[in-house]
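Please read each point with the sequence and the structure at hand.

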Amino acid sequence: MTLPNLLTTLRLAFAPGLILVALSGRSDAVLVTLLLLQITDWIDGPLARRSGSQSSEGARLDSLADASMFASALGALAVLEGGMLLGEWRWIAAALLSYGLSVSLAVARLGAPPWYHQWSAKVSGPLTLAAVFAVLLFDVAWPVRVAAAAVTLGNLEAVAITMRLSGPATDVPSVFLMDRARSVDRS
């Protein structure tokens with residue numbers, strides 16, 4: 001196990017803890033935990049590239065850890081600020097449904113989830129983090145809409161990527177750059 005994969009595995013293992021911390025009513029602890037998890041996401045990829053330990057397995061593990069982290073963050077928000085989230089249910093539903101569509105289509109068409117690591121996800125991730133902080137620190141909901149819209153657009157881009165691929169792939173930065181995609185993992 002490489003150090004980048006260890007960091008990713010820790011993110012995957014500790015992400016559900018966000019909900020447990022939220023159940024204790026400690027929004028401050030949720031924010032600190034989420035920030036620590038996000039830091040592992042920010043450093044595992046660059047560390048893998050610098051150490052030459054990039055792999056399709058690591059990319060798949062990273063995607064799984066990201067999904068777990070953001071699902072757990074949503075669960076923690078629901079525990080702490082469920083009433084506020086209810087007002088944003090259409091935006092959240094769009095993000096969740098588009099994610100379900102993206103994964104379902106990729107599995108049905110290519111036999112594997114979309115492990116693409118798109119640039120759009122690199123934008124929607126920090127927007128989602130900012131939305132959680134905005135809700136818990138400032139009692140402001142509109143950033144949830146911005147994050148959900150970014151997630152939905154990224155998921156729709158993943159659908160477009162899936163429709164253009166002939167087999168499973170990792171590290172496809174954008175539908176617009178597919179021809180230059182560097183890592184192709186065919187199985």
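This is a predicted model: local features need pLDDT of at least 70, side-chain atom pairs count only at pLDDT 80 or more; totals for chains, interfaces and linings use all residues.

1. The note begins with Val 132. If its neighbours within four places in sequence are set aside, Val 132 is in contact with Leu 31, Leu 34, Ala 73 and Leu 77.

2. Val 132 belongs to the largest nonpolar core, which has 22 residues. Together with Leu 18, Leu 34 and Leu 136, Val 132 is among those with the most contacts inside this core. At least two residues of the core are supplied by each of α2 (17-23), α3 (27-51), α4 (56-86), α6 (119-138) and α7. The largest share comes from α4, with 6 residues. Another core, of 10 residues, lies apart from this one, and its members include Ala 106, Leu 110, Ala 158 and Val 172.

3. How do helices α5 and α7 lie relative to each other? The axes of α5 (residues 89-110) and α7 (residues 142-164) come within 8 Å and cross at roughly 15 degrees. Angles under 35 degrees count as roughly parallel, and α5 and α7 are therefore roughly parallel to each other. The crossing in which α5 passes α7 is left-handed. On the side of α5 the contact includes Trp 91, Ala 95, Ser 98, Tyr 99, Ser 102 and Leu 105, and on the side of α7 it includes Val 144, Ala 148, Val 151, Asn 155 and Met 163. The residues of this contact divide into 16 nonpolar, 5 polar and 2 charged.

4. Asn 155 has a relative accessible area of 10%; buried means under 20%, so Asn 155 is buried. Leaving aside neighbours within four places in sequence, Asn 155 is in contact with Ala 95, Ser 98, Tyr 99 and Ser 102.

5. Is Gln 38 buried or exposed? Gln 38 is found in helix α3 and counts as buried, at 1% relative accessibility. Beyond its neighbours within four places in sequence, Gln 38 is in contact with Met 69, Phe 70, Gly 125 and Leu 129. Gln 38 and Phe 70 are 32 residues apart along the chain, and their C-alpha atoms are separated by 9.7 Å.

6. Ser 124 lies in helix α6. Ser 124 is buried, with a relative accessible area of 9%. Not counting residues up to four places away in sequence, Ser 124 touches Ala 150 and Val 151. Val 151 also takes part in the contact of α5 with α7.

7. The last point concerns backbone angles. Most residues other than glycine have a negative phi. Asp 139 is not a glycine, yet its phi is positive, at about 55 degrees. Asp 171, likewise a residue other than glycine, has a positive phi near 55 degrees. Where are these two residues found? Asp 139 is in the loop between α6 and α7, whereas Asp 171 lies in the segment after α7. Asp 139 counts as exposed, at 52% relative accessibility, while Asp 171 counts as buried, at 18%.

Note on methods. Residues are numbered from 1 along each chain as its sequence is written. Side-chain values use heavy atoms; hydrogens and water are left out. Axes are lines fitted to C-alpha atoms, for helices over the stretch in contact, and angles run from 0 to 180 degrees between N-to-C directions. Helices (H or I, at least four residues) and strands (E, at least two) are DSSP runs, numbered from the N terminus. Angles under 35 degrees count as roughly parallel, over 145 as roughly antiparallel, 65 to 115 as roughly perpendicular and the rest as oblique. A crossing is left-handed if the near helix is turned anticlockwise from the far one by less than a right angle, and right-handed if clockwise. Contact means heavy atoms within 4.5 Å. Ala, Val, Leu, Ile, Met, Phe, Trp, Tyr, Cys and Pro count as nonpolar, Asp, Glu, Lys and Arg as charged, and the others, Gly among them, as polar. A nonpolar core is a set of buried Ala, Val, Leu, Ile, Met, Phe, Trp, Tyr and Cys residues joined through side-chain atoms within 4.5 Å. Buried means under 20% relative accessible area, exposed over 50%, partly exposed in between (1.4 Å probe, protein chains only).
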